[in-house]
Amino acid sequence: MNRYTLTVVKEVDGSVYFNLFVNGSLANLGGLLYLSKEAFDQLFKDLFRGSKGNCIKAFCARSRS
């Protein structure tokens with residue numbers, strides 16, 4: 001079973017910039033991923049449900065500035 005970590009780097013005007021880790025390895029080697037807040041929340045819910053709870057949402061210290 002895969003483990004997912006969504007690490008929010010920055011939230012700006014309803015948008016979320018984040019990194020995606022799968023089994024401890026960075027999946028987006030080309031740079032930060034970007035989604036609307038609603039799409040990000042749905043992605044988290046889908047990954048959480050699909051992985052049977054093996055999904056974490058983390059925030060960087062200054063992600064909400």
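## Overall fold

Read along the sequence, the protein chain runs β-β-β-β-α-β. That pattern holds 1 helix and 5 strands. Helices (H or I, at least four residues) and strands (E, at least two) are DSSP runs, numbered from the N terminus. This is a predicted model: local features need pLDDT of at least 70, side-chain atom pairs count only at pLDDT 80 or more, and totals for chains, interfaces and linings use all residues. Residues are numbered from 1 along each chain as its sequence is written, and side-chain values use heavy atoms, with hydrogens and water left out.

## Size and packing

Along the principal axes, the C-alpha atoms fill a box of roughly 35 × 25 × 20 Å.

Buried residues make up 26% of the 65 residues. Buried means under 20% relative accessible area, exposed means over 50%, and partly exposed lies in between (1.4 Å probe, protein chains only). Now take contacts, meaning heavy atoms within 4.5 Å. Among those between residues at least 6 apart in sequence, 39% join residues at least 24 apart.

## Strand 1 and its partners

Strand 1 covers residues 4-12. Strand 1 pairs with strand 2 (residues 15-22) in the antiparallel sense, over 8 bridges. Two strands pair if DSSP finds at least two bridges between them.

Is Thr 7 buried or exposed? Thr 7 counts as buried because its relative accessibility is 16%. Leaving aside neighbours within four places in sequence, Thr 7 is in contact with Tyr 17, Phe 18, Asn 19, Phe 21, Ala 58 and Cys 60.

## Salt bridges

Side chains of opposite charge can pair when their charged atoms come close. A salt bridge is a side-chain nitrogen of Lys or Arg within 4 Å of a carboxyl oxygen of Asp or Glu. By this rule the count comes to 3 salt bridges. Which residues form a network of salt bridges? Lys 37, Asp 41 and Lys 57 are linked in one. Asp 41 meets Lys 37 at 3.3 Å, N to O. Being 4 residues apart in helix 1 (residues 37-50), Asp 41 and Lys 37 are separated by about one helical turn. Asp 41 also bridges to Lys 57, with the closest N and O atoms 3.7 Å apart. This pair links distant parts of the chain: Asp 41 is in helix 1, Lys 57 is in strand 5 (residues 55-59), and they are 16 residues apart. Asp 41 is partly exposed at 23% relative accessibility. Lys 37 is partly exposed at 31%, and Lys 57 is partly exposed at 29%.

Asp 46 forms a salt bridge with Arg 49, the closest N and O atoms being 3.7 Å apart. Both residues lie in helix 1, 3 residues apart, about one turn of the helix. Asp 46 is partly exposed, at 38% relative accessibility. Arg 49 is exposed, with a relative accessible area of 59%.

## The surface

The accessible surface of the protein chain comes to about 4,400 Å². Carbon and sulfur atoms account for 55% of this surface. Accessible areas come from the Shrake-Rupley method with a 1.4 Å probe; for residues, only the protein chains shown count as cover.

Which residues form a nonpolar patch on the surface? Val 12, Tyr 17, Leu 32 and Tyr 34 do, with about 360 Å² of accessible area together. Patches are made of residues with over 30% relative accessible area and no salt bridge: like charges are joined within 9 Å, and nonpolar side chains (Val, Leu, Ile, Met, Phe, Trp, Tyr) within 5 Å. Tyr 34 lies in strand 4 (residues 33-36). Tyr 34 counts as partly exposed because its relative accessibility is 49%.
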